[in-house]
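Good morning, and thank you for the time.

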Amino acid sequence: MVVIDAHCHLSQRWTPSGPAALLIDDIDATGVEMAIVFGVFGDAEDNAFVAKSAREQPNRFIPLVNFDPRYEEVGLELVEKYLGEHKWKGVKVGHTHTVARYMYHMMEIAESYNSLVAIHSDHSIRNHPYIIGDIANSFPNVPTVILHMGGGTCFDSELLSTKIAKKNDNIYLETCYSNPYAIKQAVEAIGPEKIIFGSDSSNGGYGSRFEKAGDYMELMLDAVRVADITLEQKAMILGDSAANLLGI
């Protein structure tokens, strides 16, 4: 079974020495074969570090361009650069206002390159699943991933994300911080092929306070492993869904 972690961060500001070795240590320790990686801050420096890391680890890292709509035209230029020139497979939007007007320009660019868009979600007004659902509904040809499937901090938001995904065929749910029961009910409602494993691991910062490499990632894997679903459904969530979405 191939395991792909669809939610990992890389930033040179966490590891000034450069290489993304800490994240490689995590995925090696847990048996994860590939990680979808993106920056943290959404600026040119962060995206350049992700590009450098992906060149160094072409068989382990799948890069997405990190877009911050607050950078407006500059952010759009980065999306054009990495989707067009570098042929990256998608865009990641972080903890910013998903109702910002440049979100719609970004979605238009993503659609033109047949790219996916992964968006941070939580129960706040900035990144509520309802807002992401509205954007995805406006761009039905853009595969849109609700990261955290609602936030992980509010069980109701996780259940709500499933309802939104059921109404929008282009929405996928990513599992990090999610309750195993929320994962089970999502499988029942939309099928395991629309659910993707992610951990929110990084080369520093998120998940870096654990004693051993891979400890934090193992916790995120366990949410899928202990969910009351079949082994085939777990295999789909842990790797096949992401592979199919990315065409790898």
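Before the sheets are described, one term is needed: two strands are said to pair if DSSP finds at least two bridges between them. In general, strands of a sheet pair through backbone hydrogen bonds, either parallel or antiparallel. Please also keep in mind that this is a predicted model.

Let me begin with the sheet of four strands. This sheet is open, its strands follow the order S3-S2-S1-S10, and the pairing is parallel. At its edges are strand S3, residues 61–63, and strand S10, residues 201–202, each of which pairs on one side only. Strand S2 covers residues 34–38 and is joined to S3 by three bridges in the parallel sense. For a point of reference on the display, Ala35 has Phe61 in S3 as its bridge partner. Helix H2, residues 44–56, lies across S2 and S3, and its direction makes about 145° with S3.

I turn now to the other sheet. Here six strands form an open sheet, in the order S4-S5-S6-S7-S8-S9, again with parallel pairing. The edge strands are S4, at residues 65–67, and S9, at residues 195–196; each pairs on one side only. Within this sheet, strand S6 (residues 116–120) and strand S7 (residues 144–147) are paired in the parallel sense over four bridges.

Does its length agree or disagree with what its residue count predicts? At 1.5 Å a residue, the 13 residues of H3 should span 18 Å, and the end C-alpha atoms are 17 Å apart, so the two values agree. The buried residues of H3 are Gly75, Leu76, Leu78, Val79, Tyr82, Leu83 and Gly84. As a general point, an α-helix has 3.6 residues a turn, so residues three or four places apart point the same way. What do the buried residues of H3 pack against? Their partners are H2, S4, S5 and helix H4, residues 102–112. After H3 comes Lys87, with a positive phi near 60°.

His148 is found between S7 and helix H6 (155–167), and its phi is positive, about 70°, although the residue is not a glycine. His148 counts as buried because its relative accessibility is 3%, under the 20% cut-off. Met149 lies in the loop between S7 and H6 as well. Its phi, near 40°, is likewise positive in a residue other than glycine. With a relative accessibility of 0%, Met149 also counts as buried.

I close with the cysteines. How many disulfides does the structure hold? The count is zero. Taken from the side of Cys176, the closest cysteine sulfur is that of Cys8. Cys8 counts as buried, with 0% relative accessibility, and Cys176 counts as buried at 0% too.

Terms used
Residues are numbered from 1 along each chain as its sequence is written. This is a predicted model: local features need pLDDT of at least 70, side-chain atom pairs count only at pLDDT 80 or more; totals for chains, interfaces and linings use all residues. Side-chain values use heavy atoms; hydrogens and water are left out. Helices (H or I, at least four residues) and strands (E, at least two) are DSSP runs, numbered from the N terminus. Contact means heavy atoms within 4.5 Å. Axes are lines fitted to C-alpha atoms, for helices over the stretch in contact, and angles run from 0 to 180 degrees between N-to-C directions. Buried means under 20% relative accessible area, exposed over 50%, partly exposed in between (1.4 Å probe, protein chains only). A disulfide is a pair of cysteine sulfur atoms within 2.5 Å. The expected span of a helix is 1.5 Å times one less than its number of residues.
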